[in-house]
Every structure is written in structure tokens, then in C-alpha cells.
Protein chains: 2
Amino acid sequence: MMSNTDPCRRCVILCAGEISPEAMERAAVRQEDLLIAADGGYLHAQRFGLRPQLVVGDFDSAPPPPPGSDVETFPVEKDDTDCMLAAREGIARGCREFVILGGTGGRLDHTLANIQTLAWLWQQGARGKLLDREHDILVLGPGRWEFPRHEGYLSLFALGDQTVVSEEGVYYPLERHPLTCSFPLGVSNQITAPRASITVHAGLAICILYYH
Amino acid sequence: MMSNTDPCRRCVILCAGEISPEAMERAAVRQEDLLIAADGGYLHAQRFGLRPQLVVGDFDSAPPPPPGSDVETFPVEKDDTDCMLAAREGIARGCREFVILGGTGGRLDHTLANIQTLAWLWQQGARGKLLDREHDILVLGPGRWEFPRHEGYLSLFALGDQTVVSEEGVYYPLERHPLTCSFPLGVSNQITAPRASITVHAGLAICILYYH
């Protein structure tokens, strides 16, 4: 059993949105992960036979979990979303790698809020992604990443006003090109090489892998 | 019959995503609107018994419309999405008010691209919104807007790094408060007064009305 403050521990957050078996399989939840259910996400945990170590949320839209869970509840009036609460807990417990399931589908405002939570995680020195049946959604700051070829699309969007990216191994390559929030230049690219390389030179980028 | 360059004419764009009868009803398409089908959106037009004046797109994911339509086709390799092509045509024909249907649902990269298209429209001096069954999605620049109370939520998100907003007549009011791309402070507000007032003091904000 790994300690609660192991800095290498991964945090898996289950939110109340849609969670498909495909996304759960890609997440490959492990015994040693810190598993947090955010509000109604604990119903997903039950459905998939998972036992979260922690359940956070205000339970304004789902019944609270039964006694015996390590449940933290928060007042309804707060600035944090349930997913943000869970992300804070994961950071406080030393996690620097986050996977969020159930953070998309349904309300688009929740999806955008959860993408901003990925940006918040980046600012904490952590890395996170949202997984659903058809998408991996990441926020990338300065650095270089590789993605293996897949059937589907790779899209990049500016998050903020400073985003400059390069893309190699893709159908529409870019070389130190600015992305803006008002023109979707980076949408619907395709990986043509065995691996695509994304370099963020400045700012933050939303990276979406769409699987056919 | 209004002329093609009437500056007051509204432009309704039908994209290939999901279009619900509820969204179509809220759009209230009128005879005098400039109706543009973007690629597979023309199948929606047929389904709803609408006759678009213009069909644009590369028809990479849907068969081209039958002969006799005023169809403009574009090569597949281009920087514009089908929705951007349609928005450009609307601007070129003098429209300054845009309603986009079928721009959400399915691929999240398409949804984000279409939100950025709303920002592009703002920069052209036009106003646009994406409608689906449960959401009105707007991009708002500096100015003041009112929204009547509804059952559901009102959310604001920063689009770029300069966003400063005020919110009145809502459960969590804000007074000249900055919004950032890395913290979802403005998510899940509720309108408590008969009308909410949103003021954007600087930058651009994504405004999402969610209907229960």
C-alpha cells in the first residue's frame, strides 16, 4: 500500500458526467491510484465496482454516499466546482498526474469548467487529462509531447492570448505558429507519422484527441 | 423578398452536429433569414423542411446536395472549418446577427472551434450564438447584456487573458472581476432577479445559458 503522500501517485477523479466503459478502460485504474469521487461520481464508482478512497462534493445533485466512506462534504455555496474540490485534494495529497472521468457529456459549462481545471492543474505543476468515450482532452503548457498515430483527429486550441505551437508528423504541420482564441486554426488535424510531436513554445493549448 | 446584402438580415447556419426540435424552435427561422447549410447541415435542413439559400462545405463527411441548390463547394484542404466558411459568407453578404444550429454535440473539437467562430464573428462587428437543446452559447465582448430568468444556469468563462466582468441579478454577483482561463469562477450561476445583467468591461467572455 502506497502512502497518501507518495508524490508519484496518480489521482483518478470520477465526476458525475458520462463515463463509458471505453474511457474507463483507457484510464486503466490501478489499485495504487488515489481514487476520488466528486459528488455524483461515486455512483459511477459503484457501477464500475470501484471503491474511492475519498468522496468530495456538496451532494446537491446526488444523494450522499452511505456511512463508512471517507467522505468530505462541502457547503453548496463555494467557488470551487466538485471537480475542482477533488483536484485540490489530489494536489494536497501530493499527486501530480490526474485523470478525470465523467467530466464531459451533458452540460457544456461543466466541460469548459473542467478544461479550466486542467489549466489550474498545470499551474500547480501537475498534468491532467479528461477522458471520455471518444476524446482525450489535455491542457499543455510549454514543452514537447508525442502522440502515437490513431484513427481520428488531433486538435489544438489556444487557451489564453500567448499560445505559440509547433506540430510535426501531422497532415497540417505548424512551425512556431501563434494560435488565437478567435480562429480555430488547429482543429481537425490528423497524425500521419507513427508519432506526432506537439511543441508548446508559449502559453497554454487545449489538445483534443478524437477517436473515430 | 429582402436583398442579399440587407445589413439587417439575420444569418442562420445549420451545421452537421445535433439539431433538436427545441433548438430549432428557439431559433425561430424566418423566411427573410439568410439560411446557410454547412456541409452535412443540409441534411438537417431537409429534415426540418427548410430550403437553404446557400450550401457550403467540402462534403468530406456527407454527400453533396442534389443539383439545383445554390451550392458552393470548397476544397477539403483549407484552414476554415465548414462553419467558418458559412460565417464568412454571412459576413460577406452583410449579416451581423448569426444563429448557429448543429454546432455542438458529438465532437468536442468542433464545439470549441464553433465557439471560436463566435469570437471571430465578434471581431467582425457581428453577434452570434450557438443553440442546442439545452444551451445558448454566446461570446460577449465589451458591453452590457440582459438575460431573463430561466430554470437552469448561467455561466461565464474567460476567452483570452483580459476578461473583466460584472454580474448583477444573479446568485453569485461579481463586480468588475477578472476571469481567467485557469479557474472556472463563473460557472453555474443562477439568475435570481427577473433579468440578469452581464457587463463585460474588457476582453471576451463565453456565456452559456443552460436550460434544465
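1. Helices here are DSSP runs of H or I with at least four residues, numbered from the N terminus. On that basis Thr117(A) belongs to helix 4 of chain A. The model is a predicted one, and the points below should be read accordingly.

2. Thr117(A) has a relative accessibility of 0% and therefore counts as buried. Neighbours within four places in sequence aside, the contacts of Thr117(A) are Cys83(A), Met84(A), Ala87(A) and Pro184(B). Cys83(A), Met84(A) and Ala87(A) are also on the helix 3 side of the contact between helix 3 and helix 4 of chain A, while Pro184(B) belongs to chain B.

3. On the packing of helix 3 (residues 82–92) of chain A against helix 4 (residues 108–123) of chain A: the two axes come within 10 Å and cross at roughly 20 degrees. Angles under 35 degrees count as roughly parallel, and the two helices are therefore roughly parallel to each other. Their crossing is right-handed. Helix 3 of chain A contributes Cys83(A), Met84(A), Ala87(A), Arg88(A) and Ile91(A) to the contact, and helix 4 of chain A contributes Asn114(A), Thr117(A), Trp120(A) and Leu121(A). By class, these residues are six nonpolar, two polar and one charged.

4. Helix 4 of chain A also meets helix 4 (residues 108–123) of chain B, with axes that come within 13 Å and cross at roughly 90 degrees. The range for roughly perpendicular is 65 to 115 degrees, so helix 4 of chain A and helix 4 of chain B are described as roughly perpendicular to each other. From chain A the contact uses Leu108(A), Thr111(A), Leu112(A) and Ile115(A); from chain B it uses Leu108(B), Thr111(B), Leu112(B) and Ile115(B). The division is six nonpolar, two polar and no charged.

5. Helix 3 of chain A is mostly covered, with nine of its 11 residues buried. The buried residues are Asp82(A), Cys83(A), Met84(A), Leu85(A), Ala86(A), Ala87(A), Glu89(A), Gly90(A) and Ile91(A). Their cover includes strand 1 (10–14), strand 2 (34–38), strand 3 (54–57), strand 4 (71–73), strand 5 (97–101) and helix 4 of chain A. After helix 3 of chain A comes Gly94(A), with a positive phi near 95 degrees.

6. In chain B, helix 3 (residues 82–92) is largely enclosed by the rest of the structure, because nine of its 11 residues are buried. Among the buried residues of helix 3 of chain B are Asp82(B), Glu89(B) and Gly90(B). What covers them includes strand 1 (10–14), strand 5 (97–101) and helix 4 of chain B. Gly94(B), which follows helix 3 of chain B, has a positive phi, near 95 degrees.

7. A separate site is Ser155(A), in strand 9 (residues 152–168) of chain A. Ser155(A) has a relative accessible area of 0% and is buried. A polar atom of its side chain lies 2.8 Å from the backbone nitrogen of Ser188(A). The side chain of Ser155(A) also makes a polar contact, at 3.1 Å, with the side chain of Asp109(B).

Definitions and conventions: Residues numbered from 1 in each chain as written. Chains lettered and ligands numbered in written order. Predicted model: local features only at pLDDT ≥ 70, side-chain atom pairs only at ≥ 80, totals over all residues. Heavy atoms only, no water. Buried < 20%, exposed > 50% of the residue type's maximum accessible area, 1.4 Å probe, protein only. Polar contact = N/O pair within 3.5 Å; in protein donor to acceptor, adjacent residues only side chain to side chain. Axes fitted to C-alpha atoms, helices over the stretch in contact; angles between N-to-C directions. Parallel < 35°, antiparallel > 145°, perpendicular 65-115°, else oblique. Left-handed = near helix turned anticlockwise from the far one by under 90°. Contact = heavy atoms within 4.5 Å. Nonpolar A, V, L, I, M, F, W, Y, C, P; charged D, E, K, R; others polar.
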